[in-house]
Amino acid sequence: MRRAYEQFRWFGLGWKVMADLPNPDAFAAATRFVTPEQVGESIACGPDVEEHVAAVRAFLDAGFDEVAFVQIGADTQHEFISWAERELLPELRSLAPDPATVG
């Protein structure tokens, strides 16, 4: 959550606010009071597979047919990829109409 906050704190504002911010200075000003907890409420963080599955399910239920994951921790990239292959992707495949399209 800390790293998501450092790199994506604007996510804690919600889409309605983000869509109206015209430039990086506006994002910086608007996110001045965003907390790591607010970012954690907006972005699935950490190793809880069900948290990520629930986040993806919400997009699928809304009609999206593609979802991208961003692993923002450079020093944990390999760990994330291994975890995703071992734990996350099998769960996400169970949600997909065509499991071959996941991962």
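Mentor: Let's start with Thr31, which touches Arg9, Trp10 and Leu13 when residues up to four places away in sequence are not counted. Touching, or contact, means heavy atoms within 4.5 Å. This is a predicted model, in which local features need pLDDT of at least 70 and side-chain atom pairs count only at pLDDT 80 or more, while totals for chains, interfaces and linings use all residues. Residues are numbered from 1 along each chain as its sequence is written, and side-chain values use heavy atoms, with hydrogens and water left out.

Trainee: Does Thr31 count as buried or exposed, and why?

Mentor: Its relative accessibility is 3%, and buried means under 20% relative accessible area, exposed over 50% and partly exposed in between, with a 1.4 Å probe and protein chains only. Thr31 therefore counts as buried. The residue sits in the loop between helix H3 (24-30) and helix H4 (36-42). From Asp20, eleven residues away in sequence, Thr31 is 13 Å away in space, C-alpha to C-alpha.

Trainee: What makes Lys16 and Ala62 count as exposed?

Mentor: Lys16 has 74% relative accessibility, so it counts as exposed; its place is in helix H2 (residues 15-18). Ala62 reaches 57%, so the word is exposed there too, and this residue lies in the loop between H5 and H6. For the whole chain, buried residues make up 23% of the 103 residues.

Trainee: How many helices and strands does the chain have?

Mentor: Six helices and zero strands, giving the pattern α-α-α-α-α-α along the sequence. Helices (H or I, at least four residues) and strands (E, at least two) are DSSP runs, numbered from the N terminus. The C-alpha atoms fill a box of roughly 40 × 35 × 20 Å along the principal axes.

Trainee: Why are H5 and H6 called oblique to each other?

Mentor: Helix H5 (residues 49-61) and helix H6 (residues 77-93) pack at about 45°, with axes 10 Å apart. Axes are lines fitted to C-alpha atoms, for helices over the stretch in contact, and angles run from 0 to 180 degrees between N-to-C directions. Under 35 degrees is roughly parallel, over 145 roughly antiparallel, 65 to 115 roughly perpendicular and the rest oblique. H5 and H6 are therefore oblique to each other.

Trainee: Which residues in H5 and H6 meet?

Mentor: Val49, Glu50, His52, Val53 and Val56 in H5 meet Trp83, Glu87, Leu88, Glu91 and Leu92 in H6. Six of the residues in this contact are nonpolar, one is polar and three are charged.

Trainee: Which residues make up the largest nonpolar core?

Mentor: There are nine in all: Val49, Val53, Val56, Phe80, Trp83, Ala84, Leu88, Leu89 and Leu92. H5 and H6 each supply at least two residues of this core, and the largest share, six residues, comes from H6. Another core, of six residues, lies apart from it, with Val34, Ile43, Cys45 and Ile72 among them. A nonpolar core is a set of buried Ala, Val, Leu, Ile, Met, Phe, Trp, Tyr and Cys residues joined through side-chain atoms within 4.5 Å.

Trainee: What is Leu88 in contact with, leaving aside its neighbours within four places in sequence?

Mentor: Leu88 is in contact with Val49, His52, Val53, Phe69 and Trp83.

Trainee: And His52: does it count as buried or exposed, and why?

Mentor: The value for His52 is 7% relative accessibility, so this residue counts as buried. Its place is in helix H5. Beyond residues up to four places away in sequence, His52 touches Ala44, Cys45, Gly46, Phe69, Trp83 and Leu88.

How values were computed: Nonpolar A, V, L, I, M, F, W, Y, C, P; charged D, E, K, R; others polar.
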